[in-house]
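Let's take a friendly walk through some side-chain contacts, starting with charged partners and moving on to aromatic rings. Please keep the structure open as you read.

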Amino acid sequence: MSVGNAELGARTVAHDPLRALAERLLPRPLRFLGVGALGLITDLCVFTILIGYAPRPLLMRLASLAAATIVTWRLNRALTFDRSGRHVGDEAARYVMVTAAAQGTSYAVFAALVLTVLGAMPQVALLVGAVFGALVDLQRPPPVRLRAPKDRMTATSTHADIFVIGAGPAGLTAAYCLTKQNPSVIVIEKDPVYVGGISRTVEYNGFMFDIGGHRFFSKAKEVVDLWQEILPDDFIARPRLSRIYYGGKYYAYPLSAFEALSNLGLFTSAACMLSFAYAKLLPLENPANFHEWVRNQFGEKLFSIFFKTYTEKVWGMSCDEISADWAAQRIKGLDLGVAVMNALKKALLRKRTPKLGAKPGEPIVKSLIESFQYPRQGPGMMWEAAARKIQKRGGQVLKGREFQRMAYDNATKLWTIAVTRADGAIESYTAKHVVSSAPVRELVEKITPTPISRLHARALRYRDFLTVALMVKKPDLFPDNWIYIHDPSVKVGRVQNFRSWSPEMVQPGMSCLGLEYFCFEGDSLWDAPDSELIALAKKEIAKIGLIAQSDVTDACVVRQPKAYPVYDEAYRENVATVRQDLEGLYPTLHLVGRNGMHKYNNQDHAMMTAMLTAKNILAGERIYDIWNVNEDAEYHEAGGSGVKEALGSERLVPQRAKSSDKTAETAAA
C-alpha cells in the first residue's frame, strides 16, 4: 500500500518541488529578477496582441499591466515570498499596493511617449516605461515581510531567558542542560508530531523506523553519562553486524580477506591480486583524489568492486572529484592484515558486550565493535524522554512551530522571534539568548536587519535522503543491522533491518526493511510520488534477493531534507564568514548541531556542542569554543572520554579534489 507522508506524519516540511528546485539553483535576488523579466515579457506580449485587435494603446496597456501584475504576483508567491499567514486575496491586494508606484511610473512614461514622439512605436514606449518603472522599484525599501491579520497574531509576546530553535539532539540537549539551573527555556520544533530531528523514531501502523540508523557508542564520557541520565532503564544490547552486497553475493563488513577472495572466484581474485601488486609496484605519485588514493592502496580492481559505487551513491559525486585527504582519513587502518588478525581473534576470544562508552585509554579499533547499546524503541525514545524532563522542570517544548524571523534590539538586549503555527497564526517571543540548530542558510535569511554574510549563507548546500519502509510478513530475514549495497544495477544505497535494531520496533511475527536512497531535494528521486518509490523499492529488494515482492504487506516513504551539510570548495570560507559576522553582531546567538553549524557532526558530536553552549550561557561568557567540537571517522567506534578528546580533532568529509575541473556537487553523508 502506498502511504503518503501527510498520513504518516513524518514529513516535516511542506513539499513544494518547484520552489525547492528554485531555491537550490538561484538566490532570492536572482529569482526576483527572473520573475520581473517574465512579467515584462507578459506585459509586452499581451499588449502586442491586444493592440492588434483594438489599436487603442493607452487602454490596452492598462490591460497588459494588469496581466503582468497577476503573473508576477503568482510567481513571486510561489518562488520568492515568505509565508505570511494572510488570505490569498489580502496578499494580492498588498502586492498591488507595494508595486503601484513602479507600475504607475511605467504607465505614465509610456503614455507620455505614445502621445508625443513614439505614437507609431508603442512597444518601444512600453519598454522605456518599464525601465523607468524598474528604477523606481529599486529605490523602494526592501519589502516588508507580510504579516498575518491581527486576529491571527498573538496579542502579547511570551518571554523566556533562552529560546531554542529546533528539537533535535542539539536543541534538546541544550534545553535539557539549561533547565537544570534555569527553567526559563522555550524550544520550538517544526514537526507537528515528533522531536529528535534526524534522530527521531517515526511510527506507522505499529512499526517504528530509525531515520538513518543510530548506534549509541561515544568517545565522550559526558555524552554517555547524559544518555544514561535521560534514559536510564531502556537501553538494550544489540549485536553489531553489517555486510556488503555486490555481484549477487554478501561480504562481511569489515571485509574478511578469505571470504572476499572466495566469493569473488578464482579469476576475479587473481585479477584483484595482480591489480594490487601492480599498484604497489607502480603507485601514482601524489594521488589527488579518492580514486587515485584507493587505487594506490588496494589496486584498481578492488577499488571498482568495494569502493566506487557505494561512495558515489552516498556522496552524490564522482570518486574522481573527492579529495585524497578524505580517503586517507576515512579508510585509514583498513587493510588485509587487520582483517586477518580480526578473524583470528574472533575465533579465539569470547565476545564481550561493550558499554555505551569505552574505558579511558582502552584501545578499540574502528569497525571491530561486536555489539552496541540502543534504546528499545529507537533513538526517538531518548529525545521524547528529554522533552518530557525539560517540561517537568518548567521549560516548554512546542511542536508544530516554524521559525519565521527574528530581530535583536541593542537597547533592551533582547531578541524578538516570530513563529508560525500549523494553523497559520503567528506567535511572538522575546529572549535574552537564542540557541539555533536551524540550517545556517535558513537562519541568516530570517534575521533582521539582514546580516552582510547573507550571500555566503545562501551558498551553503545540503544532501538529502529518503527511506522507503517495507513491512514484510516474515519474522526473521537476516541478522544484519544494515547491508551496504555496492551493486551499481540498483539505486538503493543501504538496507536497514529495523527488527535487528530492536525487536520492539516491529509487530510480532513481522519484519520491516528500510531502503535508503540518497538524493538532492528537488531531483527526480526526491520528487517521485510515494507510489513510484515504493514500487522501485520492492523491485530492487527482490532483485537483491532479500525478499520477494509478494512478501511486502505495506509500505511508506519518509523524506529527510537537509540530512547532511555539503562540503564544497567554498563551504569553509562561507561558514567562517557567517560565523565571524554573527558572533561580532550577536554574542547572544549560539549556533549548535549539524545543520546549525554546517558541520558533519554525529549525534554525540551535536550533543557535545550543545552541552558546551549551555555551559557558556550559564557562565555568562564563551568559555568553550564549540567550533572545535568534531572528530575524525574513528569517533563512531572508538574509546576514550572527555571534553578534551571531543575538542581535539576534526572529522573529514568528502571534498572536491583540487585538480578536478568538474562541476558536480560535493555532498556529505
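A salt bridge here is a side-chain nitrogen of Lys or Arg within 4 Å of a carboxyl oxygen of Asp or Glu. This is a predicted model, in which local features need pLDDT of at least 70 and side-chain atom pairs count only at pLDDT 80 or more, while totals for chains, interfaces and linings use all residues. Residues are numbered from 1 along each chain as its sequence is written, and side-chain values use heavy atoms, leaving out hydrogens and water.

Across the whole structure there are 21 salt bridges. In one of them, Asp43 meets Arg61, with the closest N and O atoms 2.7 Å apart. Asp43 belongs to helix α3 (residues 28-53) and Arg61 to helix α4 (residues 57-79), so this pair ties together parts 18 residues apart in sequence. Helices (H or I, at least four residues) and strands (E, at least two) are DSSP runs numbered from the N terminus. Both Asp43 and Arg61 are buried; buried means under 20% relative accessible area, exposed over 50%, and partly exposed in between, using a 1.4 Å probe and protein chains only.

Next, look at Arg559 and Asp530, whose side chains form a salt bridge at 2.8 Å, N to O. This pair links distant parts of the chain, as Arg559 is in strand β18 and Asp530 in helix α21 (residues 530-544), 29 residues apart. Arg559 is buried at 2% relative accessibility, and Asp530 is buried at 10%.

Helix α22 holds both Glu583 and Arg579, four residues apart, about one turn of the helix. Their salt bridge has its closest N and O atoms 3.1 Å apart. Glu583 is partly exposed at 32% relative accessible area, as is Arg579 at 26%.

Now for the rings. Rings of Phe, Tyr and Trp (its six-membered ring) pair if their centres lie within 6.5 Å; planes under 30 degrees apart count as stacked, over 60 as edge-to-face and the rest as tilted. The structure holds 24 aromatic pairs. Among them, Tyr408 and Tyr586 are edge-to-face, at 6.0 Å centre to centre with 75° between the planes. Tyr408 lies in strand β10 (residues 401-409) and Tyr586 in the loop between α22 (571-585) and β19 (589-591), so the pair joins parts 178 residues apart in sequence. Both tyrosines, Tyr408 and Tyr586, are buried. Phe465 and Tyr564 have ring centres 5.9 Å apart and planes at 20°, so this pair is stacked.
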